Amino acid sequence: MLGGRTYDATVPSDAAPSDQHRRTASGAEDRLSVIDLFAGAGGLSLGFHQGSNRFATTRAVEIDLAASATYAQNFGDVVYAGDIAAWLEDERTPSADVVLGGPPCQGFSLIGKRDPLDLRNTLWRPYVEVVRRAMPRAFVMENVPALLRSGEYAAFVDTFASGELADYEIRVEILNAADFGAPQTRKRVIVIGVRRDIEHPGHPTASDAPRATVRDALAGIRGFAGSISLPPRKVQFRGMWLPGVFKGPELHITRNWSPLYEQRFRAIPYGGSRHDLPDELSADCWRNNPHSASDVMGRLEWEKPSVTIRTEFFKPEKGRFIHPTQHRAITHWEAARLQGFPDDYLWVGDRAQIARQIGNAVPVQLGEAIGRHLAQVL
């Protein structure tokens with residue numbers, strides 16, 4: 001149960017989760033129950049819980065085992081670790097006040113293959129089926145902006161044109177997490193549906209405050225000591241032993257850099273990128289495409305929000321992921337900070353699994369703004 005420790009996992013005594021993100025609602029009569037689909041590590045749930053202490057996640061669904069274990073560590077034994085279609089067959093869908101979810105975006109993302117036949121493109125359909133069964137007071141679906149140009153989005157809207165789902169008013173906006181306190185530029189489509197017996201609140205408006213920066217996010221992080229491995233620790237979850245549990249400071253790790261990469265790091269100035277490399281340190285693919293991928297091997301800047309944190313943020317050849325002043329890519333701890341996760345958040349998985357959880361998450365501050373906004377009308 002949320003706030004309890006009844007799930008099948010062994011946690012080190014010094015890794016107890018804080019009440020900040022394992023809190024329950026303020027009272028039974030005020031509780032707003034939440035189902036979180038494609039829940040990942042729990043960034044959207046955490047944001048909603050921080051937006052209002054009335055929200056309480058009663059069920060979450062996540063197919064990735066390590067991400068499910070991370071979710072369970074922070075929110076209790078509420079997560080179904082498996083495919084959403086299997087969950088719909090295995091269990092009766094509970095009622096809920098709010099349904100959340102971000103169906104996988106790889107089939108739409110501009111940095112992916114954009115394959116119209118990618119089966120992940122259709123995972124909004126089981127999401128809608130959960131809405132149909134639970135009939136929540138409101139639902140929130142997030143995805144990449146390219147979704148709006150797809151036939152799948154048109155089909156999504158059509159499902160709400162008739163029948164019981166016509167009881168919902170749907171509004172959609174593209175929101176930038178940096179406008180809501182996140183130290184990261186990340187644009188996401190936010191679809192908010194509200195039952196027609198409730199006045200639709202629209203979307204939260206951008207903050208007037210100055211944007212949070214990389215310097216704000218990384219404040220207080222200890223000096224990097226060159227660690228390349230997670231602590232040798234295991235946790236049991238659903239009968240499997242997984243690496244963990246780790247707190248943010250234990251994720252201050254990087255890769256082993258070759259001499260060539262070390263030379264490249266030293267040659268790239270503050271705010272620079274692969275365009276600043278001398279010819280002998282460049283790569284053929286960069287030389288042959290001088291006007292593309294300007295963020296590759298790019299340094300972040302202290303005074304700005306970061307670029308979108310992706311699942312391979314530890315690979316500077318994938319984007320602007322080099323530390324502002326140090327000769328390395330950002331660490332997992334720094335990436336988690338840029339996504340808004342607190343240092344006492346608990347993580348399960350190996351280096352690649354945790355990186356995927358961090359990169360796939362909704363920035364916590366964006367979720368918080370949406371949750372706070374919805375709580376005012378629910």
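Tutor: One aromatic cluster is formed by Trp 124, Tyr 127, Phe 139, Tyr 153, Phe 156, Phe 160 and Tyr 168. The model is a predicted one, in which local features need pLDDT of at least 70, side-chain atom pairs count only at pLDDT 80 or more, and totals for chains, interfaces and linings use all residues. Residues are numbered from 1 along each chain as its sequence is written, and side-chain values use heavy atoms, with hydrogens and water left out.

Student: Why is the pair of Tyr 127 and Phe 139 called edge-to-face?

Tutor: Rings of Phe, Tyr and Trp (its six-membered ring) pair if their centres lie within 6.5 Å, and planes under 30 degrees apart count as stacked, over 60 as edge-to-face and the rest as tilted. For Tyr 127 and Phe 139 the centres are 6.2 Å apart and the planes stand at 75°, so the pair is edge-to-face.

Student: What makes Tyr 127 count as buried or exposed?

Tutor: Buried means under 20% relative accessible area, exposed over 50%, and partly exposed in between (1.4 Å probe, protein chains only). Tyr 127 has a relative accessible area of 0% and is therefore buried; Phe 139, at 0%, also counts as buried.
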